Amino acid sequence: MTFGKRLFDLVLAVLLLPILIPVIFALWVATRFDGGVGFFGHRRVGRNGKAFRCWKIRTMVVDAEAKLKEYLAENPEALAEWRRDQKLANDPRITRLGHVLRATSLDELPQIWNVLKGEMSFVGPRPVVRDEIVRYGVDRTAYLSVRPGLTGLWQVSGRNDVSYAERVQMDVRYLSMASLVTDCTLLLKTAQAVFGQTGR
């Protein structure tokens, strides 16, 4: 499965590149208008615990971390939400364009570079930061055994409406049923979710 999955990733990435490169470039240009960088690379934990830089189109304001700290300090409910889910339903850091990019998941298109480099796969658990690994508990080994994915079971099964614990269980369930047929099915469902703008 590992060799077949890697070959599938490479072939699909090469086929998609001519379509995605112009789109990524256009989004990069549009993002640059506020004076910040177009791409944002965040360090994530990959296969076997190896750290890598996961690329996205920037969707947040330039001073995002300072904005988050200030907002959480002033909003206890938001702080509790952040500690529980590592996400905010109403995130003050996201730009106007960023809301559109996240709703369509277009901000994640640059991760095709991570796929080409072998740091990610098209389908798998979403890459997490090192502090989140502890949330996987005894299932941490399962997460670290595979390449993180551009999409996965979590993305097509409620994504923003499930708890972090449920997300972990979805990742573990995917690993137990992983196959090329499963990956193709999840990619098709992801395309439907993108056009339905179910991201955040």
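Is Asp 34 buried, partly exposed or exposed, and what is its relative accessibility? At 43% relative accessibility, Asp 34 counts as partly exposed, where buried denotes under 20% relative accessible area, exposed over 50%, and partly exposed the range in between (1.4 Å probe, protein chains only). The structure is a predicted model, in which local features need pLDDT of at least 70 and side-chain atom pairs count only at pLDDT 80 or more, while totals for chains, interfaces and linings use all residues. Residues are numbered from 1 along each chain as its sequence is written, and side-chain values use heavy atoms, with hydrogens and water left out.

Arg 58 lies in the loop between strand S2 (51-57) and helix H2 (64-74), and Asp 34 in the loop between helix H1 (2-31) and strand S1 (39-45), so the pair ties together parts 24 residues apart in sequence; helices (H or I, at least four residues) and strands (E, at least two) are DSSP runs numbered from the N terminus. Arg 58 is buried, at 8% relative accessibility.

A salt bridge also joins the side chains of Arg 126 and Glu 108 (3.5 Å, N to O). Arg 126 is buried at 6% relative accessibility, and Glu 108 is buried at 9%. In a further salt bridge, the closest N and O atoms of Lys 117 and Glu 119 are 3.3 Å apart, with Lys 117 partly exposed at 47% relative accessibility.

Notes
A salt bridge is a side-chain nitrogen of Lys or Arg within 4 Å of a carboxyl oxygen of Asp or Glu.
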